[in-house]
Amino acid sequence: MDNFQTVLRFFMNQKATIGYSFMALLTIGGERIFSMVSFQCPCNHDQNFAYGLTFLLGPGLVLLVLGLFFSSKLWRLYTGCCLNPIKLCPRGNCFTCLKVFVKIFSGACVAPIMWLCVALLNGTFYECAVSGLDDNLVVDLFCKNKTLMCREELARVPCSKSKLPSDENMELLLMFRAQSQILGWCIIIISAVLGLFGTCYTNCRSKVSYLQLTFWKRYVEKEKEQFDTFAMEYASKLAERNLKSFFENRDPEIFPFPNHKAWEEISALYTFSKSEQYYSTLQRYVERDDRDYSPEKRPVMDLEHGIEMS
């Protein structure tokens, strides 16, 4: 049993690494499926560039949108800001808000960058796209020291249907693939360096020590887990109380529940302050001396979303 708990603790501590590894495997698998099943380079000057670029960048843009869509931090910051714009910059601290947006966007960029790197390292999409370029300088560079037919047959090279000699056709393919892989490795190196510098800058500017920062992260994770558990439990109790009131045809029992203002306060993104060493907006709220304990007296209907909020 102790060995099992040790293994489980190890996986929990490394869940970010495991998650990124799983994401990388999915990206590699998705790229291979796209390459083998759906990708068919048209091999003509008019369509190669647009077709290849669509397969190279299109899935990355979709992954970026999905990454933003599933970001709980983004929705925590954005929800209700049209009615109350001050939510975007609580306490007038716009620089902190900008840092949060950068962190959200950088987190959402992980999957698109993985896709782009894998696609470039494979080279199939890049070969198709670059063979359809009409720029004279680029085409002259590709066809340098080649036969005169090179310019006309360049778009057919990725399909191996060109009328060029086989050695020239293979030389062009290898050149395209080398360029693609160089670009892929450049993006990997730049991303790794930026990630390292970003982590170093964040830790260097941290207002707490490394161990306290580690504790802070653990606390936030546990608080979220416990919040989900409590929310499920209280939602079940509230649903049971309302159903009993309806079916038994009597007034509902008194049910203690946070008021709307309390929900607004704990939903804000938290920024650490040396003068208030709390670990979340929830802890800051519950430890306030002027905390408002008055519950909501009646349900409030949110007509925009069609839900009831107590």
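This is a short tour of the model, stop by stop.

**Start with confidence.** The model is predicted. Colour the protein chain by pLDDT: the mean is 81, and 84% of the residues reach 70 or more. Now select residues 301-306, where the pLDDT is below 50. Beyond near neighbours in sequence, this stretch makes four contacts in the model.

**Next, the nonpolar patch.** Show the surface and select Val62, Leu66, Phe69, Phe70, Trp75 and Tyr78. Together they make a nonpolar surface patch of about 640 Å². Which helix gives the most to this patch? Select α3 (48-69). Helix α3 gives the most, with three residues. Leu66 sits in α3.

**Move to the positive patch.** Select Lys73, Lys99, Lys103, Arg205, Lys207, Lys217 and Arg218. These residues form a positive surface patch. Which helices each supply at least two residues of it? Select α5 (94-108) and α11 (210-247). To see one of the patch residues in place, pick Lys103, which lies in helix α5.

The model has nine salt bridges under a cut-off of 4 Å between nitrogen and oxygen. For one of them, select Lys222 and Glu225 and show their side chains. Their closest N and O atoms are 3.7 Å apart. How are the two placed along helix α11? Glu225 and Lys222 are three residues apart in this helix, so about one helical turn separates them.

Conventions. Residues are numbered from 1 along each chain as its sequence is written. This is a predicted model: local features need pLDDT of at least 70, side-chain atom pairs count only at pLDDT 80 or more; totals for chains, interfaces and linings use all residues. Side-chain values use heavy atoms; hydrogens and water are left out. pLDDT is the predictor's confidence in each residue, from 0 to 100. Contact means heavy atoms within 4.5 Å. Patches are made of residues with over 30% relative accessible area and no salt bridge: like charges are joined within 9 Å, nonpolar side chains (Val, Leu, Ile, Met, Phe, Trp, Tyr) within 5 Å. Accessible areas come from the Shrake-Rupley method with a 1.4 Å probe; for residues, only the protein chains shown count as cover. Lys and Arg count as positive and Asp and Glu as negative; His and the chain ends are not counted. The place of a charge is taken as NZ of Lys, CZ of Arg, CG of Asp or CD of Glu. Helices (H or I, at least four residues) and strands (E, at least two) are DSSP runs, numbered from the N terminus.
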